[in-house]
Each structure stands twice: as C-alpha cells, then as structure tokens.
Amino acid sequence: MGEAKVSSRKVSLIDDEKQMDLFEVTDVQNLKKEPRDKNIPAEGTKQTNASASAFGWQFQIIVGIILSLENIKNLNEVKIEGNTEDVELYLNDRKPVYVQVKSIQKKIYDVKDSTKITAAMNTLINTSNITNGGYSELIYIANFRNPLNLDDALMQASWIPEMNKTFIRTYESLPEKAKQFVQERIEMAQRQLEEKYTSSIENFDLRRLRIGTILFGSDSQDAQQYSVLEGTIKYFFELVKLEKVITKVDRVKNMLITHYLSNAGTQDTTEKKRRITKESLIWRIIFEIIDDVPESFFENAPAGTRGELETYENDFIKQQVERIEIINGIQKGLMRYAGGKLITSKICEKFVKEEWDKYLDIFPIDHEDKIIQEYGIKLIMTRIINGKRLIEKIEEGVNMK
C-alpha cells in the first residue's frame, strides 16, 4: 500500500501497481486556505436534537474509557472533546491517536448511513492538516454494526463486530468494496472542505487510517448496552492478572458510568471537555476493587459514624483523583514502621492507630468534626493496607511502578 500524495493537478492513491484517482484538487486554492477551526462543525453535522447530542456525548465518553483501558500500559491521558477531535489519545510510546466518533439512535444492527463516515472523513482530513501529519493513527468509530454500508455477504466475511470488545480494522485490511466506499466518502468530504477550507490530503495517510465499531445502543433499558465496556474491563483485569476479582466487573463498570457520564446531557460546552488520565482512572479502579475494611473496624469506631465515614471516604476519592502517590506513601510508611519485621495484621492495626495523624498532609480534606476526619483517614489507610498485594499487581501491570 503506498502513500496518498498531492500532485499539481490531482490527489492519487498508489496501490501496488494500480493507480486510482480519487478527485481533482487545485493546489493553488488549497495554499490560500487554512484548516477549519475545530469549533466549527463539519458540513451537515451540527446537532439540533438535544437528545441525539446528549447520546452522542455519552458515546464519546464510552469510547474514551474503552480506549484508555485498552492502551493503559502506555497511556498518558485521553481527552474527550479535545483541541482537534472528539477523542484524543496521548501515549508515551508514539504520537497521538485522533478519533472521530459518530453515533445513531436507530437500530444499531440494521441501519446503513453514509453521512456519518463522510462527516468523519471531513474532520479527520482537517485534523491531519491542523497537526501537519503529527499523529500515529486516525480512527473513525461508529456505534452501529455496518459503518461501511456492506452487503450481508461481505459483512459476514469481513466485518463482524462483537458485543464484548472493540472491532477496529486498518484501511489497508478492508475488502476492495469497502475501500472504494471509503474513497468515495473521502472525495465527498474533500469537496465539502474545499468550499471554505484547505482540502489537501497531503497529511492524510491512509496507512494510518482505522475504521471501527463499538456497539452501543441508545436504549438505556437494554441490559447489553454496556457490553463492550464490560468486556474491556474483563480484558483489563486479565492484563494485570486479576482474574480472581472478575466478579467486580459490574462494580467498576457502574463506577465509570456514574463518574464519567455525569452531566452527559448538559448543553454547557465547558462540561463536555473531559480529561481521563492514567492516574485518575487507576486510582478509581483500585478503590472499587480492593476489599472493604473488616466489620471490626466499624465496631471500634464511634457508634453511629459509619455513614459519615463512608461519605468522607467517597468525597476523598472524588477529590484526590490523581494522587496515586497517597497509596505509595502509606505503603512505604507501613514498611518503615514494621522495621523489617513480618507485616502482620496486628502491626497493620497498630500502624493505623498510632501513625494516622502523620498523614494529615496527604489527606487534605478537612472536616468540621475531627472525629470523622480521624476515623475517615484510618478507614482509607486500612483499605489501602489490606489491598497492598492487589494494588502492587495493578501498578506493575499498567507500568506505574
């Protein structure tokens, strides 16, 4: 597969010994034009239906979470509604990945829709020019089964997305009919762009183009709506060798949905910019899957404080979303306290009881009731200590050691 190149008269796709002209383009006109500003929607994509807009925003977040977990080892952060694209994936081993996300609220298994991929190509071409080719991948992801308008036979042979994982293919791996369809959409997108903006595909490298499906229906009552997210969480557990906590998939899924999809229907664009860092994602997952403190903890706490202590803990986790060093600080403090001795349950209990106030600086949530603050800190310390082995496996598995 060759490169997409710009000549003085036309843009061509070189495929081994075969040359296919995609479209005519005037370089002089392109040189006078700039890429479209990200805040200006692509032709025909301005959303007028509030419900559709909210659903589209939810799907963007789901895609961001899934891609974060799939790339967790090399993840720095994922931005939702980033500077150039719906989802922007920043990694420590390669250039950014830019993702255009399109969704429909129809039956995701039956519908065909060529307008979505046209709008996606419009934006991805534009992004390739904004970034001057500084990306590792450009990806179009749809929430419906057939984003390439394939017939049934070709679907069965080459495009079978599953309910429990993402389905993404390179442009080069597509069957010829699908390639032709994509090329036609690129041509249409370029014609849309060239009316006002640069339509050059000099930076639009088909070798780095990916197209995929993440099945996600709009029926909130459908028990399978989050199946791909669930499958991705299971993959994450397997990646970090935590098969024994696979029963906590629902717990992690519900936490991610509650936290990251909150305010998904807002019309305030400032709320529609989300940043998912590796640290914040792992912090939240850790606190969902490490074991709760034993009942004996609450038996020794002041009577009637359990609800307030759990609220303190939840508030702390929400506010300290990127402070993974808190976990490491407590674990190191315990090792110093043990002084090389075998760390037993009794030593852990004494450490929390005697040393909790030395960690006030890393538990900055003050509380008007100092008893709640004291036992709230002790509660969090106890959970971290009890989850030591599990936490170590996660940190090692996601390259945070």
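For sorting residues by class, Ala, Val, Leu, Ile, Met, Phe, Trp, Tyr, Cys and Pro count as nonpolar, Asp, Glu, Lys and Arg count as charged, and the others, Gly among them, count as polar. The model is a predicted one.

**Exercise 1. Describe the second largest pocket by its volume, its lining and the helices that supply that lining.**

Step 1. The volume of the second largest pocket comes to about 580 Å³, and of the 20 residues that line this pocket, Phe 297, Cys 348, Glu 349, Val 352 and Thr 382 are the closest to its centre.

Step 2. At least two lining residues come from each of helix 9 (295-300), helix 12 (345-355) and helix 13, and helix 12 gives the most, with seven residues.

Step 3. Sorted by class, the lining consists of eight nonpolar, six polar and six charged residues.

**Exercise 2. Determine how helix 11 and helix 13 are oriented to each other, and which residues make their contact.**

Step 1. The axes of helix 11 (residues 325-338) and helix 13 (residues 370-386) come within 10 Å, and they cross at roughly 75 degrees.

Step 2. Angles of 65 to 115 degrees count as roughly perpendicular, and the two helices are therefore roughly perpendicular to each other.

Step 3. Helix 11 contributes Ile 327, Ile 330, Gln 331 and Leu 334 to the contact, while helix 13 contributes Met 381, Ile 384 and Ile 385; by class, these residues divide into six nonpolar, one polar and no charged.

**Exercise 3. Work out the strand order of the open sheet of seven strands, and state which strands are its edges.**

Step 1. The order of this open sheet is 8-9-7-6-5-4-10, and its pairing is mixed.

Step 2. Strand 8 (167-170) and strand 10 are the edge strands, each of which pairs on one side only; neighbouring strands are turned by 20 degrees against each other on average, with direction ignored.

Step 3. A parallel pair is found in strand 6 (residues 97-102) and strand 7 (residues 137-142), which are joined by six bridges, with Tyr 98 standing opposite Leu 138 of strand 7.

Step 4. Helix 3 (residues 114-130) packs on the sheet, where it touches strand 6, strand 7 and strand 9 (209-213), and its direction makes about 160 degrees with that of strand 7.

How values were computed: Residues are numbered from 1 along each chain as its sequence is written. This is a predicted model: local features need pLDDT of at least 70, side-chain atom pairs count only at pLDDT 80 or more; totals for chains, interfaces and linings use all residues. Side-chain values use heavy atoms; hydrogens and water are left out. Axes are lines fitted to C-alpha atoms, for helices over the stretch in contact, and angles run from 0 to 180 degrees between N-to-C directions. Helices (H or I, at least four residues) and strands (E, at least two) are DSSP runs, numbered from the N terminus. Angles under 35 degrees count as roughly parallel, over 145 as roughly antiparallel, 65 to 115 as roughly perpendicular and the rest as oblique. Contact means heavy atoms within 4.5 Å. On a 1 Å grid over the protein atoms alone, a cavity is a set of points where a 1.4 Å probe fits but cannot get out, and a pocket is an open set with protein on both sides within 12 Å along at least five of seven lines; lining residues have an atom within 4 Å of a point. Grid points are joined across faces, edges and corners, and a volume is the space filled by probe spheres set on the points. Two strands pair if DSSP finds at least two bridges between them.
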